[in-house]
Amino acid sequence: MPATVIHSVTLVSDGAATADSWVRFDDGVVREIGSGGAWRDAAEAAGPGYEVVDGAGAILSPGFIDIHVHGGGGAANEEGADAIRTVLATHRKHGTTRAVLSLVTGRPADLLTHLATIANLTETTPGVLGSHLEGPFLADAFRGAHDPEMLRSPLPEETAAMLAAARGTLRQITLAPELPGASAAIADFVSAGVAVAVGHTSATYDEARAAFDAGASILTHTFNAMPGLHHRAPGPIAAAFEAEHVTLEVINDGVHVHPALARLVFTEAPGRVALITDAMVAACAHDGDYMLGPLPVRVEAGVARLVADGAIAGSTLTLDVALRHTVTECGVPLAAAILALTATPAAAVGRAHDLGSLRPGYRADAVLLDDTLHVKRVWLEGASAEPHGSASPAHQAG
C-alpha cells in the first residue's frame with residue numbers, strides 16, 4: 001500500500017502529547033515520527049504515490065483498542081462471522097481499530113462454536129485480537145445480564161475444551177475467583193497465556209488479592225457487578241488498586257460509573273486503566289427491544305437494561321464518546337485518557353510490542369481527532385477506513 005505522511009498534528013502517544021508532529025506510515029507500519037518541517041523530507045523519501053495529510057489543528061492518536069465489546073450496529077458477536085464484521089465496521093468509525101470480541105454466558109457447545117469462529121477471524125481479519133469469555137464462571141449474586149441457568153463453576157474438562165477451541169486466541173476470561181475450582185482454572189488459563197479477569201464476583205478483598213497473586217491481571221468493568229469500596233470491606237476494587245500488574249476496565253459512559261469514581265480510578269491506578277465499551281447490539285443503532293444472549297433487553301435513551309429486572313445490560317457506548325466523557329466530564333488529562341484507549345489495553349492482552357503506540361516499528365493503526373475529540377479519520381495497518389460522519393448513530397451524541 002502507498003505510504004502516508006500525516007503532518008502538523010499534536011501527537012498523543014505513550015502518555016505524552018507533542019505539538020507540531022508528523023508520522024510516516026509505510027507497508028502497514030509506522031516508519032518515522034518527527035516534528036516541524038522535516039515531514040517534507042520524509043514524504044519525498046516515501047517515493048511516488050504517497051499521500052500527505054495536513055493535520056493542522058488536529059490530534060493524532062494510536063488506534064483505539066477495545067478489550068471488552070459484545071456488539072454494535074445491530075449485530076452481536078454470537079451471530080457469526082458476518083455479524084462480527086458489522087460490529088468491527090461499526091466501532092471502527094468511532095476510532096476502534098482492534099477489538100477483543102466478548103461472549104456472554106451460554107451453553108458449553110455454543111461457546112466452543114463461538115470461540116472457534118473468532119479463532120478463524122483472528123487469523124484472517126485485521127482488527128480481531130481474539131476472544132473474551134465473560135462467563136460462564138460467574139457469581140449468581142453479581143451475574144448482571146447473564147443467564148442464571150447457564151452459570152456454573154469451572155471444571156478442568158471445560159476449561160481445557162475452551163482453550164482447545166480457541167486455538168491460542170482466547171485473550172481474556174472473566175471469572176469469580178471465589179467459586180469452587182476457580183483457583184485451578186486461574187492457573188490453567190494463566191499458564192496458557194490467557195489474561196484472567198476478576199469480575200461478576202462476590203469476592204472479598206482477600207479472595208481477590210489471592211487471585212491477583214495467582215496471576216489474574218484484569219478487573220472487569222470496575223465498580224460494576226462486584227462489591228463496592230467499603231471502609232471495613234474493601235473488596236476487589238481495593239485489591240486491584242494495590243496489585244500493580246492489574247489493569248482496571250472502566251465503562252465511562254456517565255451511566256455505569258459516576259465521574260468522581262471514574263476519576264478516582266485514574267488517580268489510584270495511573271497507567272493501568274483500560275476504557276472499554278462493553279457495547280451490545282444496540283450500539284450505534286436505535287432504542288428498542290434486543291437480545292443479549294438469551295435475555296431480552298430494552299434500550300431507552302441509549303441505556304440498555306434487562307426487561308426482567310431492570311439490570312444494566314452492557315452499553316451503547318463507543319470509545320470516542322468514552323474519550324470525550326473522560327476528558328470533559330471527569331477532568332482526566334488527554335494524554336492519560338488516550339493511554340487508557342491504546343497502550344494500556346494493548347498491554348493487558350499481550351500486545352504491547354506492536355500495538356497501542358505510534359512509535360516506529362508499531363502497526364500503523366491511528367485515529368485523527370479534531371479539537372473537540374471527534375473522529376475525522378481512521379487508519380488500520382496504514383489503510384484508511386471510512387471517515388466518521390458518514391452515518392448518524394442514534395446513541396453517540398455525548
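What covers the buried residues of helix H7? Point 2 takes this up, after a word on the model.

1. Before you dig in: this is a predicted model, where local features need pLDDT of at least 70, side-chain atom pairs count only at pLDDT 80 or more, and totals for chains, interfaces and linings use all residues. Residues are numbered from 1 along each chain as its sequence is written, and side-chain values use heavy atoms, with hydrogens and water left out.

2. In H7, 7 of the 8 residues are buried (under 20% relative accessible area, with a 1.4 Å probe and protein chains only). Among them are Pro 236, Ile 237 and Phe 241. Their cover includes helices H6 (205–213) and H8 (259–268), plus strands E13 (218–219) and E14 (247–251).

3. Next, have a look at Thr 97, which sits in strand E9 (residues 96–104). Thr 97 counts as buried because its relative accessibility is 2%. Beyond its neighbours within four places in sequence, Thr 97 is in contact with residues including Phe 64, Asp 365 and Trp 379 (contact means heavy atoms within 4.5 Å).

4. Finally, there's an open antiparallel sheet of 3 strands, ordered E16-E17-E18 (two strands pair if DSSP finds at least two bridges between them). E16 (288–292) and E18 (303–306) are the edge strands, each pairing on one side only. E16 and E17 (residues 295–300) pair over 5 bridges, and Leu 292 stands opposite Leu 295 in E17.

Technical notes
Helix = DSSP H or I, 4+ residues; strand = E, 2+ residues; numbered from the N terminus. Buried < 20%, exposed > 50% of the residue type's maximum accessible area, 1.4 Å probe, protein only.
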